[in-house]
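Here is a brief report on the packing inside this protein.

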Amino acid sequence: MENYVKSSTVKEDLGLDSNVVKCSSHGPLHGYVHFSKKQLHQNGKVVLSGIGGAVNKAISTAELLKKDKRLHQTNHIFYISIKEIWKPKENEELQDIEVERKIPAISITLQIEEPTTKGLGYQSPTESNATKPIQRQGKFKKNVPKPKNKDDYPFVRNQKKHEKKENKEKKENKENVNNVKNT
């Protein structure tokens with residue numbers, strides 16, 4: 001492939017409307033959850049989609065939304081075809097190469113009302129869903145006093161123990177070497 005350059009890429013049209021939350025692998029999860037909650041509040045329904053590496057992000061977003069409310073879920077798993085056309089760099093004798101790749105994708109529909117048609121991929125809300133809203137966990141422990149002396153920090157104590165052990169081993173090695181020399 002070093003003699004070829006990618007000239008164009010043709011992606012299959014998904015036919016998704018504007019109310020779809022398109023998850024990417026780089027976007028923040030909390031952003032998708034927040035935007036999806038707005039869509040649910042306004043429309044009573046939200047569609048999450050993810051392609052390739054973003055499939056797990058779409059699933060995680062759906063699971064977090066289901067923790068807050070009792071939602072009906074319909075999953076649609078499919079592949080998207082992408083055609084790439086590669087042209088030769090210099091050699092005119094080489095022909096164009098057309099490569100077709102199939103990338104996994106998912107579309108998750110979450111809605112408050114029960115859908116009229118329940119097809120393949122439907123999941124009804126369970127009792128374990130909608131237990132209680134997600135609590136944000138603090139970054140630091142509260143009400144834990146700071147040590148007054150820097151030697152009281154756990155990592156300093158461990159480091160000192162390690163240094164003592166190394167010094168003891170060095171001392172024993174020197175004694176063993178001296179004993180060998182004396183004999």
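## Terms and model

A nonpolar core is a set of buried Ala, Val, Leu, Ile, Met, Phe, Trp, Tyr and Cys residues joined through side-chain atoms within 4.5 Å. Buried means under 20% relative accessible area, exposed over 50%, and partly exposed in between (1.4 Å probe, protein chains only).

The model is predicted: local features need pLDDT of at least 70, side-chain atom pairs count only at pLDDT 80 or more, and totals for chains, interfaces and linings use all residues. Residues are numbered from 1 along each chain as its sequence is written, and side-chain values use heavy atoms, leaving out hydrogens and water.

## The largest core

The largest nonpolar core has 15 residues. Val21, Val46, Leu48, Leu65, Ile108 and Leu110 touch the most other members. Strands E2 (20–23), E3 (45–51) and E5 (97–111) each give two or more residues, as do helices H1 (29–43) and H2 (55–68). H2 supplies the largest share, four residues. Helices (H or I, at least four residues) and strands (E, at least two) are DSSP runs, numbered from the N terminus.

Contact means heavy atoms within 4.5 Å. Beyond four places in sequence, Leu65 contacts Val33, Ser36, Lys37, Leu40, Val46, Leu48, Leu71 and Leu110.

## Threonine 61

Thr61 lies in helix H2. Thr61 counts as buried because its relative accessibility is 0%. Not counting residues up to four places away, Thr61 touches Cys23, Leu29, Tyr32, Val33, Ser36 and Leu48.

## Glutamine 111

Gln111 sits in strand E5. At 14% relative accessibility, Gln111 counts as buried. Gln111 and Leu71 are 40 residues apart in sequence, yet 5.5 Å apart C-alpha to C-alpha. Outside four places in sequence, Gln111 contacts Gly44, Lys45, Leu71 and His72.
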